[in-house]
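Here is my notebook from an afternoon with this chain.

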Amino acid sequence: AAPAALPTAAHHPQSSSYVHPLPADPAKAAKVEARRAAVDADYVRRAAARAPPHDAACTMCGRPSDVAPDGGSIEASHRGAERAMGGALGPLILVRASAISVVWCHEQCAAWSPEVFLDDGGRFAAVEDACRRGRMIKCRACGAKGATLGCISRTCRLSYHLPCARAAGCALSADGVVVCPAHAGEGAPRA
């Protein structure tokens, strides 16, 4: 089956981009402002480089890029079910995870996260929300944090990284539905 389109801003709530207020103490406020400015400069430098450093890894799954810097890109207009099932995670994209954090994330790890959608310009939006949420969730398969894919079953609390979900035998459908092996027989769609 052909991959379905990611949700757009028209039918997805806006992502949170809350910035904490500065502390009342002027000395502390100056430190916070300096840290934010340093992260801004780092983000601009990394974005201008257009390629992650050789040792960069995805903040969600912890794996390096599987695409050479000149090796093309996965279309941002779909979840890429065929590629996700076949192993490609795509290039690493730069994400401003917070006011003081810049991270790298695979295109497909972002695309399969439920809160991520395409904005009106066709770019991924809410990736920073997925990165923050993933920091708190352990993967059922490997035990590492960064898992953003959860089973669609309402009673299931299992979460996975994209490559771990594939290796564990989860069903990944083109419309972004993930079903763990324990709930695969409950009538949920299969890829």
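**Entry 1: where to be careful.** I began with confidence, since this is a predicted model. For residues 1–18 the pLDDT stays under 50, and the model has 43 contacts beyond four places in sequence for them. Where pLDDT is low, the predicted coordinates should not be read in detail, so I left the contacts of both stretches alone. By element, helix α2 (residues 81–86) has the lowest confidence, with a mean of 45, while strand β6 (residues 159–160) has the highest, at 96. Over the chain, the mean pLDDT is 78, and 75% of residues reach 70 or more.

**Entry 2: the overall layout.** I counted 5 helices and 8 strands in the chain. Read from the N terminus, the order is α-α-β-β-α-β-β-α-β-β-α-β-β. Of the 191 residues, 42% count as buried. I also looked up contacts between residues at least 6 apart in sequence: 56% of them join residues at least 24 apart. The accessible surface comes to about 10,300 Å², and carbon and sulfur atoms hold 56% of that.

**Entry 3: the core.** Which residues have the most contacts inside the largest nonpolar core? I found Cys105, Cys109 and Val127, in a core of 38 residues. β1, β2, α3, α4 and α5 (162–168) each give two or more residues to this core, and β1 gives the most, with 5 residues. In soluble globular proteins, nonpolar side chains tend to be buried together.

I then followed cysteine 105. Setting aside residues up to four places away in sequence, cysteine 105 touches Cys58, Thr59, Met60, Pro91, Leu92, Ile93, Val95, Ala110, Val127 and Cys131.

**Entry 4: helix α4.** Why is helix α4 largely enclosed by the rest of the structure? I checked its residues, 127–134, and 6 of the 8 are buried, so the helix is largely enclosed. The buried ones are Val127, Glu128, Asp129, Ala130, Cys131 and Gly134. I noted Glu128 and Asp129 in that list. What covers the buried residues includes β1 (92–98), β2 (101–106), α3 (107–111) and β4 (124–125).

**Entry 5: threonine 148.** Is threonine 148 buried or exposed? I read 3% relative accessibility, so threonine 148 counts as buried. Threonine 148 sits in the loop between α4 and β5 (149–150). Its side chain has a polar contact of 2.8 Å with the side chain of serine 113. Beyond four places in sequence, threonine 148 is in contact with Met60, Cys109, Ser113, Pro114, Ala130, Arg133, Gly134 and Tyr160. I was pleased to meet Cys109 again here, as Cys109 is among the core residues with the most contacts.

**Entry 6: alanine 56.** My last stop was the loop between α1 (26–49) and α2, where alanine 56 is found. Its relative accessible area is 8%, under the 20% cut-off, so alanine 56 is buried. What does alanine 56 contact, leaving aside neighbours within four places in sequence? I listed Pro64, Ser65, Leu92 and Trp104. Alanine 56 and tryptophan 104 lie 48 residues apart in sequence, yet their C-alpha atoms are 7.0 Å apart in space. Leu92, a contact of alanine 56, is also touched by cysteine 105.

Terms used. Residues are numbered from 1 along each chain as its sequence is written. This is a predicted model: local features need pLDDT of at least 70, side-chain atom pairs count only at pLDDT 80 or more; totals for chains, interfaces and linings use all residues. Side-chain values use heavy atoms; hydrogens and water are left out. Buried means under 20% relative accessible area, exposed over 50%, partly exposed in between (1.4 Å probe, protein chains only). Helices (H or I, at least four residues) and strands (E, at least two) are DSSP runs, numbered from the N terminus. Contact means heavy atoms within 4.5 Å. A polar contact is a pair of N or O atoms within 3.5 Å; within protein, one must be able to donate a hydrogen and the other to accept it, and residues adjacent in sequence count only if both atoms are side-chain atoms. Accessible areas come from the Shrake-Rupley method with a 1.4 Å probe; for residues, only the protein chains shown count as cover. A nonpolar core is a set of buried Ala, Val, Leu, Ile, Met, Phe, Trp, Tyr and Cys residues joined through side-chain atoms within 4.5 Å. pLDDT is the predictor's confidence in each residue, from 0 to 100.
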